[in-house]
Amino acid sequence: MLPMSTVVAKCPDCKRFYWIEEADVVGVIPHYAKPGDVPLEWTLAEEIKRLTIDEYVEALEAGVGRDASEERFLRVRFWWSVNDFVRRDPTAEIPATYAQKLPENLARLSALLDVRNPKDRLMKAEIARVMGDFAQVEELLEDVPEDLKWEADTLLAHSRAKNRLVAKLKVGWEYKPSLFRWLP
Ligand SMILES: [Zn+2]
């Protein structure tokens, strides 16, 4: 079983990271398989798990992101994992190891974003908000296309309130878990 949106994983045996896309497929277990249909070895194989926050940090430090797009992917996921951690328990203190790595991670991620792309600009503005650079938020969101207006306005409202925290947004009756969850 592959948890949704898992793109990079860590081998439970040799502890190396790998991009799932590049892994050799040994076999596929059909969901209707009965015991004995596939080699026992396969059924005993460990499920691929989503990386933990620590593992994202480790992967970044190990150079698993070989180019800008892979690095960007890992940095976004590290950031989101910390956000999820905070969201699960807003009173929980962010562990010092993540808190230390986060500003550098966000700065590097911001540098990888393309200001000509409106969605990137929004993510860059979100990073600026979290870092407390509210003037930059205004600058980046000066001109956004109509379909991103709602996100931009919400972000601006948080920024003008000098709110740097993870925002939980209410849309009608529905809570959006996060503003900026585009795939890199
Ligand atoms: Zn291995």
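**View 1. Helix 2 passes helix 3 in a left-handed crossing.** This is a predicted model, in which local features need pLDDT of at least 70 and side-chain atom pairs count only at pLDDT 80 or more, while totals for chains, interfaces and linings use all residues. Residues are numbered from 1 along each chain as its sequence is written. Helices (DSSP runs of H or I, at least four residues) and strands (runs of E, at least two) are numbered from the N terminus. A crossing is called left-handed if the near helix is turned anticlockwise from the far one by less than a right angle, and right-handed if clockwise. The axes here lie 9 Å apart, at an angle of about 160 degrees; axes are lines fitted to C-alpha atoms, for helices over the stretch in contact, and angles run from 0 to 180 degrees between N-to-C directions. Helix 2 and helix 3 are therefore roughly antiparallel (over 145 degrees; under 35 is roughly parallel, 65 to 115 roughly perpendicular, and the rest oblique). From helix 2, Ile-53, Tyr-56, Val-57, Ala-59 and Leu-60 meet Leu-74, Arg-75, Arg-77, Phe-78, Ser-81, Val-82 and Phe-85 of helix 3. By class, these residues are nine nonpolar, one polar and two charged, where Ala, Val, Leu, Ile, Met, Phe, Trp, Tyr, Cys and Pro count as nonpolar, Asp, Glu, Lys and Arg as charged, and the others, Gly among them, as polar.

View 2. Beyond its neighbours within four places in sequence, Leu-74 is in contact with Tyr-56, Ala-59, Leu-60, Val-64 and Gly-65; contact asks for C-beta atoms, placed from the backbone, within 7 Å. Val-7 is 67 residues away from Leu-74 in sequence, yet the two are 9.7 Å apart in space, C-alpha to C-alpha.

**View 3. Here is the largest nonpolar core, with 30 residues.** Such a core is a set of buried Ala, Val, Leu, Ile, Met, Phe, Trp, Tyr and Cys residues joined through C-beta atoms within 7 Å. Tyr-56, Ala-59, Leu-60, Leu-74, Phe-78, Ala-125 and Leu-141 have the most contacts inside it. Among the elements that each supply at least two core residues are strand 1 (8-10), helix 4 (96-112) and helix 6 (134-140). Leaving aside neighbours within four places in sequence, Phe-78 touches Ile-53, Tyr-56, Val-57, Leu-60 and Asn-105.

**View 4. Helix 4 and helix 5 pack with their axes 10 Å apart, at an angle of about 150 degrees.** That makes helix 4 roughly antiparallel to helix 5. Pro-103, Leu-106, Leu-109 and Ser-110 of helix 4 make the contact with Lys-124, Ile-127, Val-130 and Met-131 of helix 5. Six of these residues are nonpolar, one is polar and one is charged.

**View 5. Helix 5 and helix 7 have axes that come within 10 Å and cross at roughly 15 degrees.** The two helices are therefore roughly parallel to each other. Helix 5 brings Leu-122, Ala-125, Glu-126 and Arg-129 to Glu-151, Ala-152, Leu-155, His-158 and Ser-159 of helix 7.

**View 6. Lys-15 has a positive phi of about 65 degrees, although it is not a glycine.** Look for Lys-15 in the loop between strand 1 and strand 2 (17-19). Lys-15 counts as exposed, with 9 C-beta neighbours inside 10 Å.

How values were computed. Buried ≥ 20, exposed ≤ 12 C-beta atoms within 10 Å, placed from the backbone. Contact = placed C-beta atoms within 7 Å.
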